[in-house]
Amino acid sequence: MSATVSNSTSGPIVGSGDFRYRVAVGWPRMPAGMDFVEVAAVATDSQGRVYVFNRGKHPVAVFTSDGEFLLAWGKETIVRAHGLMIGPNDAVYCVDDFDHTVKKFTTDGKLLQTLGVRGRPSDTGATSIDYRTIKYSGGPFNYPTDLAIAPNGDLFITDGYGNARVHRFSPDGKLLHSWGEPGAGPGQFHVPHGIAIDTTGIVYVADRENGRVQLFSTEGKYITSWNNLARPSEVFIDRDSIVYVVELGYRAGMWPGTVAPTPDATGGRLSIFNLRGELLARWGGGENPTEPGDFFTPHDVWVDARGDIYVSEVTMSAGGNRGLVARDCHCLQKFVRVK
């Protein structure tokens with residue numbers, strides 16, 4: 001459903017129809033000595049600044065939309081980057097999976113709030129980050145993964161690798177309720193990995209290892225599922241109610257025994273849907289995931305106010321350290337909307 005048109009001066013064009021983008025090759029411009037290692041998540045604030053949540057020595061690196069470096073912070077407070085959300089007031093929410101916490105910061109890195117107990121996972125019977133060791137659902141948190149903010153300000157957090165739940169908190173950090181349990185049925189999860197909420201309050205959960213996005217009310221009532229996805233990692237809904245889903249695919253980051261259900265689901269890709277779950281555009285999944293515009297391990301997606309897309313990848317932990325992809329494979333790409 002997509003096409004790629006070569007353009008050697010400023011990157012290829014990807015996508016199709018009304019959703020065509022030019023790859024911003026060379027974005028961002030890295031300062032000397034900085035190495036992302038890999039990028040778990042990316043987000044933009046109300047000023048258009050881009051926050052790159054990475055697994056290098058400076059976990060939160062901030063750039064202009066043009067790719068100029070501004071500042072970095074988080075090395076004293078972040079154990080391992082996973083999920084990222086910018087609130088309406090530009091509060092920066094960092095989901096720290098290895099610390100079993102969610103932390104709220106100012107834009108320059110001042111810690112404002114911590115949800116969960118640092119370094120202490122909840123009891124789910126899990127013995128590792130492998131979701132298959134979970135015996136039962138538990139409270140917050142056991143390797144949490146992502147966060148979304150409802151129109152009324154409530155926080156919805158997916159929890160995650162060592163749990164199988166969605167937790168709802170009030171803005172001041174009070175746990176309101178939770179739902180979900182291990183499994184493949186409606187309302188059950190095998191790695192609830194990403195989450196988004198539309199303007200009507202419907203909650204979209206990327207149920208990664210079940211290959212679907214599940215839709216719920218804010219009270220946790222199951223509505224429906226979008227199935228036949230290639231291990232969806234994250235969901236983003238833009239101001240026009242267009243839904244962007246990054247799919248990890250079946251080439252990287254897999255537990256033993258995981259197999260692709262169809263040949264076209266092998267590589268990582270980005271899929272764009274309307275609210276009815278109808279596919280509008282898709283690209284990625286090629287034979288060479290290091291090519292500009294393709295993906296090895298797409299992990300997070302964000303769309304800024306201009307309609308440009310940012311996709312982050314966890315290239316090293318999902319296979320780069322084992323030689324499955326070149327170490328210089330991109331871990332962050334920007335796609336500029338073609339008008």
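The lining of the largest cavity contains no nonpolar residues; by class, it comprises six polar and three charged residues. This description, like those that follow, refers to a predicted model. The residues concerned are His82, Gly83, Thr145, Asp146, His193, Ser233, Glu234, His299 and Asp300. Strands β7, β11, β21 and β25 each contribute at least two residues to this lining. The volume of the largest cavity is about 40 Å³, and the structure holds one cavity of 30 Å³ or more.

Such spaces can be located because rolling a probe the size of a water molecule over the atoms shows where empty space is left.

The largest pocket holds about 1,000 Å³ of space. Its lining is made up of 43 residues, and those nearest the centre are Phe236, Ile237, Arg239, Trp302 and Val303. Two or more lining residues come from each of the elements β7 (81–86), β11 (144–149), β17 (192–197), β21 (232–237) and β25 (298–303). In terms of residue class, the lining of the largest pocket divides into 20 nonpolar, 10 polar and 13 charged residues.

Seven of the lining residues of the second largest pocket are nonpolar, three are polar and four are charged.

A single residue can be examined in more detail. Glycine 284 belongs to strand β24, which covers residues 279–284. Is glycine 284 buried, partly exposed or exposed? Its relative accessible area is 37%, so glycine 284 is partly exposed, given that this class lies between the limits of 20% and 50%. When residues up to four places away in sequence are not counted, glycine 284 touches Gly268, Arg269, Asp294 and Phe295. Valine 246 lies 38 residues from glycine 284 along the chain, and the C-alpha atoms of the two residues are separated by 9.9 Å.

Terms used. Residues are numbered from 1 along each chain as its sequence is written. This is a predicted model: local features need pLDDT of at least 70, side-chain atom pairs count only at pLDDT 80 or more; totals for chains, interfaces and linings use all residues. Side-chain values use heavy atoms; hydrogens and water are left out. On a 1 Å grid over the protein atoms alone, a cavity is a set of points where a 1.4 Å probe fits but cannot get out, and a pocket is an open set with protein on both sides within 12 Å along at least five of seven lines; lining residues have an atom within 4 Å of a point. Grid points are joined across faces, edges and corners, and a volume is the space filled by probe spheres set on the points. Helices (H or I, at least four residues) and strands (E, at least two) are DSSP runs, numbered from the N terminus. Ala, Val, Leu, Ile, Met, Phe, Trp, Tyr, Cys and Pro count as nonpolar, Asp, Glu, Lys and Arg as charged, and the others, Gly among them, as polar. Buried means under 20% relative accessible area, exposed over 50%, partly exposed in between (1.4 Å probe, protein chains only). Contact means heavy atoms within 4.5 Å.
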